Every structure is written in C-alpha cells, then in structure tokens.
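Please read them with the coordinates open.

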Amino acid sequence: MAVIKHISIKNASYNATIDYLTTQHDEFTNKPILDEQGRRIPRVEFLLDGINCDPESFHQECQELNARYNQNQARADIKAHHYILSFDPRDRDENGLTPEQAQQLAIAFAKKNFPGHQTIVCTHPDGHNSAGNIHTHIVINSVRALNVERQDFMERPADSLAGKKHHVTKDFLKYLKQETMNLCQQEGFYQVDLLSPAKIRITDREYWAQRKGQHALNQSNADQLSNGVTPTQTIFETDKGYLRRVISTTLSDCRSYDEFQKKLYEQYGIEVHESRKQISYLLPDHRKPIRGKSLGTDFERISIERSIFKSSLIIDTATSPNGDKFASVLHEGQRITLVVQLELDIKAMQNPFYAQKVKLSNLNKLVESHNFMVEHGLQEMTDIESLLSSTSTDTSEKHASLKETQDRLKVVRDMLRYSGQYYANKKVYNEFRNAKNKVKFREEHLPEIMLYESARKTLKELSDGNPIPSLKSLREERDQLVATNNAQYETYSFARSKLYELHAIHQNLSTYIKEKGLEKNQEQAQERS
C-alpha cells in the first residue's frame, strides 16, 4: 500500500535537505556518513528533478523568493514542507513499478497538489532496512512562487497567490491521502483505505524504537557470541509489539470475552481495563495502561469480540462453490511467492554463493507451499486448481463491482464540474432570456452564455434526460461513492494479493512435480482411485 507522510522543516538551510536526499546518512542518527577524507558519500542510486526551480540552486532560489516577499525570516517559521510518498514493495515485484515511473508519478502529483511552489522531487529505490519499497521525497518551499488558478482543495483565497505560505490542515492532509489512493487505483497498485483508522497502528516513534532496539540487541548478541555465550533473545519487541502478539495469540483460543480477559492475566499478567467504552491493557510492572486504540482497531473492544465470535465458529472448508472457501483458507501475514529459476537469474549464474542462497529460499517456498496444502486439506493438485478457479472468479467479481463504482464516480465528478459552470452562468442566461434585445445581449455576454449552454447540454447527456440534480445531492453522492470505492478497492486488492499467492503455490508445486517426474505417478494414482 502507498502511504503519504508530512514533515515541517524549520531549518533555514535548504541545502541541508538536498544533502540528505543525495548523500548517505545513518538511518538511526540521521548524521551524514563520511569517507576516509571526511567527505560526504553520495547515495548509490537516486533520481532528482525540480519544479519551478533548478535542484542545483534550490537553496539560493528559495532564499531570494523569501526575501522578495519578506517571508521565513524568523527562526520559528516553517521554511519548507517535506512530503514522502512510499509505495508497497509488492508494486515493484508484481506490478513492475520502477524508480523512474515513481519519479514521474510524484512529479505529476506535486504539480497537481502543490502548484506554483518551488519543488524538488527525489526518488530512492529502497527504504529503511532494505525494505524494498520505492519511495519519493517531495520538498516544497513554504512560500508560493507563482500565482495559480484556485483549486477546490484550496481552503483560502490566499492559497493560490504568490508570496503566500503553504497552508497545511487536517482537511488538506485528508485530501492528500485521498489523492494518494486515487493515484494507486489509477495505476493498479496495492492500496488500503488511508482515511479509516489503521487495523494495526504503528507510529514513527514506535517504528524507530523497534529499529533502534533491534540494532542494539544485534550488537549485544554479536558480543555474546564472540565470548562463546549463546544469546537468549534474537528479536526485539516494543511494549506495543509484545501486546499485539500476545493478544492475537490469546484470541485464537478463546470462546468468550471473559475467557480472553482471564487468559491474558493468568498467562501473561496483563490486566484488561475499560473506561468510557474504551479498552486498555496494563502490562506487569507498568503504571500506565496502553489503550487499545493506540495499538490499532483490531485491538479495540468491538474487534476483540468480533474475533472471538469468528474463532468460535466451525468453518467448513471442504467444499464451497461460491468463494466462501476463499475467505477461510487464505491467511494473513507473509505470503508465499514463486520459486526463482536459477537458469534465468543472471546474478545467481555469476555468484555461486548467491545461487546457494536462492536454492535455500526456493526450498523454503516449496515447503511453505506443501504445508499450505496439508494445513487446509488440499490433497491433490486438482484441489488447489479448484480453489484457484473459485478465487479467480471471486477476484473478477470484486473487480467488476469496483469498476462499476469507479465509472459512476467519474460521471458524478463530471456532473459536479459542469454543474458549477451551469449554476455560475445561469443568472446571466436568465437575463438573456428576458432581454428585449437578445442579439445585442448575447454579443455582450457571449462567453457566459456559451458556457451555460455547453454545461446544460453535457449535464442532460450525463443525466440520461433526467432533471439536472442539485449541487448538494451530487456532492452527497460523490462522497458516498468515494467511500464505497475505497472500501471496494481494499477488498479487491486483498483478493488480488491472495490470488497471486495461490498462483505461486500452484506453480511451485507444478514445477516440483514436473522436475521430479511425479506426473505419471499422480495419473496412475488417480486411475486406481
């Protein structure tokens, strides 16, 4: 899923931003990494472009603009705004996303949503800890350089004028999240609803606490190993991470909410409290409880009870022609991917150590594929093929529903645009109809009349001959369709992901059977049965 993040910058040196984007920095301290001569080390790979400025002279151009309008002179002023657009690693692996494509998408995104600003756009091919997520940094001078046409998302008249500062509000950030989702849906990328509360909520603070804790633990374990001592812990967990894990483990074996509370306390010493219908968890030796809301919606009271109800049901996965099996068999978490063909992997052919690593990875994928079959009672290849077929049908149906919603949303958005043009010029057109000298009046107000007539004709076509709806009803329908579109896309994206996993499982096992010459054995077994 793609996410967007905003950071306000008060540093008066715009060069510091360029240095961060183009040179290597320690990801824990954010300090630059220097070579033996004390010089900054350039990043291995990045793409850098400027909008309304030259990236090489970004600092100078921003300072000149600030001085021209007497802006950003105080230390506490926000000098720049830093937006980070991060894409799902699966978009690189499955949808062919490249850094070059991400750069172009981000440039278009910046031009649309930050018009008139001096902007630099920089794409990095990898995220923290080699996560594999392509991400783009968009940095704008907080002062607008050019006058631009006012857009719907601009909340104040000054938001379109040169010399005025960029205005960031909750509504604007909400708008940017929706634009991010629209971008991913347009490109067919993985995406979830960014406007709804997260099922698992991990803040920047928790993310970095986990990263730094793991780094410190790795160093400590390395010291222990060098002294001949076997480490007792290899994975670092924050308090919230520990809570999520034990709550999920406990939920899988509970039949009531009271049993859930009892097991958490007896097995882990965790107390469950409630106040004003909000659930919280108190860890042993802690004075302040951790709210379920801060862990994510999956750990709030309603979701806890829903999970207990689901786990208490007996799900029949033996037969299901209508796609119910899809929901019960497929699982969350790490997905099974295709084995790598060594003869097609250039790096593996050149490096025997890397080839050995790929072989081990392939073996793990085959084991995971086999375990999936065993775990869900799929005994023959025909079973996985049947599941694959029903899942494919289910995914196609979800895509068809999504496409229907998107088509209607496009029509409503067009109607809104033309309705604004229609109602803005309706008064002039009515005056034209009542004018004594219609020829003269039309000549004097020709642009307004033509815009009105064009809008009216288009609206009638879009309305299929029905009365032209009001702006209020169109806005209400648009908001409802946007919410439906986001929910349907998240459901479709999940279904597509699981379909890809089933394809991988089927292909992995088919390849293994073919390589081992087991096809004839299977055919003979089927004939005997």
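1. Basis. This is a predicted model, in which local features need pLDDT of at least 70 and side-chain atom pairs count only at pLDDT 80 or more, while totals for chains, interfaces and linings use all residues. Residues are numbered from 1 along each chain as its sequence is written, and side-chain values use heavy atoms, with hydrogens and water left out.

2. Overall make-up. The protein has 19 helices and eight strands (DSSP runs, H or I of at least four residues for helices and E of at least two for strands, numbered from the N terminus). Of its 529 residues, 37% count as buried (under 20% relative accessible area with a 1.4 Å probe, protein chains only; exposed is over 50%, partly exposed in between). Among contacts (heavy atoms within 4.5 Å) between residues at least 6 apart in sequence, 66% join residues at least 24 apart.

3. Five-stranded sheet. Five strands form an open sheet in the order E1-E3-E5-E4-E2, with antiparallel pairing (two strands pair if DSSP finds at least two bridges between them). Strand E1 (3-9) and strand E2 (47-51) are the edge strands, each pairing on one side only. On average, neighbouring strands of this sheet are turned by 15° against each other, direction ignored (axes are lines fitted to C-alpha atoms, for helices over the stretch in contact, and angles run from 0 to 180 degrees between N-to-C directions).

4. E4, E5 and H2. Seven bridges link strand E4 (residues 117-124) to strand E5 (residues 135-144) in the antiparallel sense. His-117 stands opposite Arg-144 in E5. Helix H2 (residues 58-68) lies across E4 and E5, at about 25° to E5.

5. Three-stranded sheet. A second open sheet, also antiparallel in its pairing, has the order E6-E7-E8. Strand E6 (271-275) and strand E8 (290-291) each have a single partner strand, so one side of each is left without a neighbour in the sheet. Strand E7 (residues 278-282) is joined to E8 by two bridges, and Ser-280 has Arg-291 as its bridge partner in E8. Helix H8 (residues 257-268) packs on this sheet, touching E6 and E7, and its direction makes about 130° with that of E6.

6. Thr-22. Which contacts does Thr-22 make, leaving aside its neighbours within four places in sequence? They are Pro-42, Arg-43, Phe-46 and Leu-48. Thr-22 lies in helix H1 (residues 14-22) and is buried, with a relative accessible area of 13%. Its side chain reaches the backbone oxygen of Ile-18 at 2.7 Å.

7. Ser-86. This residue lies in strand E3 (residues 80-86) and counts as buried at 13% relative accessibility. The C-alpha atoms of Ser-86 and Thr-136 are separated by 6.4 Å, with the two residues 50 apart along the chain.

8. Cavity. There is one cavity of 30 Å³ or more (on a 1 Å grid over the protein atoms alone, a set of points where a 1.4 Å probe fits but cannot get out; lining residues have an atom within 4 Å of a point). The largest cavity has a volume of about 100 Å³ (the space filled by probe spheres set on the points, which are joined across faces, edges and corners). Its lining includes Asn-113, Arg-144, His-166 and His-167.

9. Pocket. The second largest pocket (an open set with protein on both sides within 12 Å along at least five of seven lines) has a volume of about 1700 Å³. It is lined by 37 residues, of which Lys-112, Tyr-175, Glu-179, Asn-182 and Arg-413 lie nearest its centre. Helix H4 (99-113), helix H5 (170-187), helix H14 (381-424) and helix H18 (471-515) are the elements that give two or more residues to this lining. H5 gives the most, with 11 residues.

Note on methods. Polar contact = N/O pair within 3.5 Å; in protein donor to acceptor, adjacent residues only side chain to side chain.
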